[in-house]
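Reader: I am new to this structure and would like to go through it with you. Could you show it to me?

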Amino acid sequence: MKLALFGAVVLAAEVVKLPTGRADLAAGRKLYENQCALCHGQTGEGGRGPVLTKPRFARAADDAALVRVIEHGIGGTEMLGAHSMSEREIRQTAAYARTLGRVAIKPVPGNAARGAELYRTKGGCAGCHDAGFTAPALQGVGSRRSAVYLREALLTPESAVPDGYLLVTAVPRSGGNVTGVRVNEDSFSIQVRDASGKVHSYWKSELAELRKQRGVSPMPSYRGTFSEDELTDVVAYLASLKDSE
Amino acid sequence: MRLLLFLTPVLLAQVNVPYERILNADAEPGSWLTYSRNYSGQRYSPLDQIHTGNVSKLRVAWMNQANETETVQASPIVADGVMFITKPPNIVEALDAKTGRVLWTYRREIGNDFRGCCGRVNRGVAILGDTVYYGSIDAHLVALNANTGAVRWDVVMADPKVGFSGTGAPLVVKDKVIAGIAGGEFGVRGFIDAYDAKTGKRAWRFYTIPDKGEPGAETWAGESYKTGAATTWVTGVYDPETDTLLWGTGNPGPDWNGDGRKGDNLYSSSLVALDPSTGKLKWHFQYTPHDVNDWDSTQTPILADGVVGGQKRKLVVLANRNGFYYSIDRVSGKFVAGRPFVKQTWASGLDESGRPMRLPNTTPTEAGVLLYPSLGGGSNWYASTFSPQTGLYYVNAKEEGAYYIKGAAEFKAGSFFNGGGQRPNKAEQPWGAVRALDVVTGEMKWEYRLHVPSHAGLMTTAGGLVFGSNGTSFFALDASKGDLLWRFEAGGGIVANPITYKVDGKQYVAISARHVLLVFGVE
């Protein structure tokens, strides 16, 4: 046991040297484009996953941490571990990911303060998102999603339904339908949170019907609601909601 | 009470399981003397005190916790009122099977040499006489006094530094302890070993990959046989009628990049039939020739008899990770019947010899190719079960596809040697089902759908029940119809096989959930 603890300490202090050769970076680029770009964007511009065109990564302060993040993913997030990569491939990918930061970051245009105002007033976003009952909380969304992604989410919400988020309608045999967000589910029971925040728990055997609305978002499209400028401002506001680093 | 206290230690000091008891395990249905209860691999118990009519009254009798959060995956052995389990990180424990009280604990240090692909997991011990046998996570085989936990002998099976580890329960046959080995993700060369139960001296080793010049060596290009994996990490079965050991083998290495190992890659992803006295190969059946999808065939095969074309045949059956169900004549090793038991998109079917006919464009690519089943397979190492009462084979089936990715594969001893992997198919939700199949043809009779795929084993009993798990739930189904009769929320992921046993006239059912062993009885 003591030995194991000692080993862990040594690992944590390990200094990782990433490869710098042209062939390694080319291999890393290929791996990145095949396995990372789907979420982080072809050139690290972000998307479903955070922007990588920056000199420092929030979750990977040094190269050892970056290698760990690529290998194991980040628990509790959509970032998966690359269990399919060899140790060398992980380092090649990490090395390439570091080069993405050499591109200057384009500031997100728009007026974030005005966006915040629109979020609370005209958009009526806070009613769902700040209560967090039926809509995902948006703290740190600017760290996780790119501006392009956020804009698309405002225009076509169904394109940006997060993993695990599901709108369901439970129809008990005893009557009284409940529509809300699925909190948990297994083969035997389901828990549904309604718009008031109340959690309803049902045995599946009690339900006459369970309607799952996959890919459906309760959020309205803001196309037409917001002007082009307003949309830019709301995106600027959302992009400013960063995790504390 | 005083009398009981006085008597109990005397009774507990009498664990003694000679080979004849294991051979005739059906004569004492209250015991669980070998990995699958008896040699058939059926994981069927003749106990019927818990049955379809009273299973709804099943309640927790006792629990045993591990101090580590890794999953307890052991299938317990129960003999003479004592239960023997293994726990992470490298522990064997003897418990009073009635009360759950600990009788002894054997702890083994794991050096820094340990690699291991998939956590410090272990699936149980074997017993012979008054000795318990443990294939340790650091690839030793250890013999322990069943009554005290004292070490009788300790031999090195293989070098943990290069990736070998012990995860499967050994199997005792006659006077030998048969042990498989894990490490298929490290480019090792797999084997099955037999050790003298008394002394620990190795009696034979069967390499699952032939050496240069041996039959089958031509199925490996160049020197690729040296790093071809084909490990043997789940317990096999023994057929006393034909005196044959039947053991499944794992994927060839590197898993997803077959460029350097052109050929069928015998005997990877296969079933091998060995003479248990000598380790000589009698026959083999390869389920997935030149596997590039990590479809180990290590799961415990099942010996069952079936009627084929009006004739009774001795079969060995298996729902394979590659998505197909197979029944094979266990005397000749010849294919009898087979069909997919889950969605599969990689083969057009099985030919007359049982060889899959791989479709074009179904090998992993750098960008990823979507195939069914995923690398986790249509099923995996966890036990299937066969009930002689219903004549049905039950499997935890997994419906999931994945993008198979090909990567570079460079061998370095002790490092992962994978050559790729998989990316989940986010467009679809994977799901699972307990499926009851015709034992000869694999035709589905019924299914009980599961919200997510299960990673746990099944057991049938003469009480007309199938016990299974899904996520954190343990449940019982009616074996003839698949109706849900009982369920229990265990609060921790179940990645283990259930067993059942009887002490003092009372039947218990045991399953591990995450780091807790749960034992149930009817109140």
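**A walk through the model**

Author: B:Pro388 is partly exposed because 15 other C-beta atoms lie within 10 Å; a residue is buried with 20 or more other C-beta atoms within 10 Å of its own, exposed with 12 or fewer, and partly exposed in between, the C-beta atoms being placed from the backbone. This is a predicted model, in which local features need pLDDT of at least 70 and side-chain atom pairs count only at pLDDT 80 or more, while totals for chains, interfaces and linings use all residues. Residues are numbered from 1 along each chain as its sequence is written, and chains are lettered from A and ligands numbered from 1 in the order in which they are written.

Reader: Where is the place of B:Pro388 in chain B?

Author: B:Pro388 is in the loop between strand 26 (385–387) and strand 27 (392–399) of chain B. Helices (H or I, at least four residues) and strands (E, at least two) are DSSP runs, numbered from the N terminus.

Reader: And what separates the C-alpha atoms of B:Pro388 and B:Trp104?

Author: The distance is 36 Å, and the two residues are 284 residues apart along the chain.

Reader: Let us turn to strand 34 of chain B. Is it mostly covered or mostly open?

Author: Strand 34 (residues 473–478) of chain B is mostly covered, with five of its six residues buried.

Reader: Which way do strand 33 and strand 34 of chain B run, and how many bridges join them?

Author: Strand 33 (residues 465–470) of chain B runs antiparallel to strand 34 of chain B, and six bridges join them; strands pair if DSSP finds at least two bridges between them. B:Gly468 stands opposite B:Phe475 in strand 34 of chain B. The two strands form a hairpin with two residues between them, and B:Gly471 in the turn has a positive phi of about 65 degrees.

Reader: What about strand 35 of chain B?

Author: Strand 35 (residues 484–489) of chain B pairs with strand 34 of chain B in the antiparallel sense over five bridges. Here B:Leu477 stands opposite B:Leu484. This hairpin has five residues between its strands, and B:Gly482 in the turn has a positive phi of about 85 degrees.

Reader: Moving to chain A, what helices and strands does it have?

Author: Chain A has ten helices and five strands. Of its 245 residues, 28% count as buried. Its C-alpha trace spans about 65 × 55 × 30 Å along its principal axes.

Reader: Which residues of helix 9 of chain A are buried?

Author: In helix 9 (residues 147–155) of chain A, the buried residues are A:Ala147, A:Tyr149, A:Leu150, A:Ala153 and A:Leu154. Seen down the axis of helix 9 of chain A, they fall within an arc of 160 degrees, so they line one face of the helix; the arc is that of the directions from the helix axis to the C-beta atoms.

Reader: What covers those buried residues?

Author: The cover of the buried residues of helix 9 of chain A includes helix 10 (228–239) of chain A.

Note on methods
Two residues are in contact if their C-beta atoms, placed from the backbone, lie within 7 Å.
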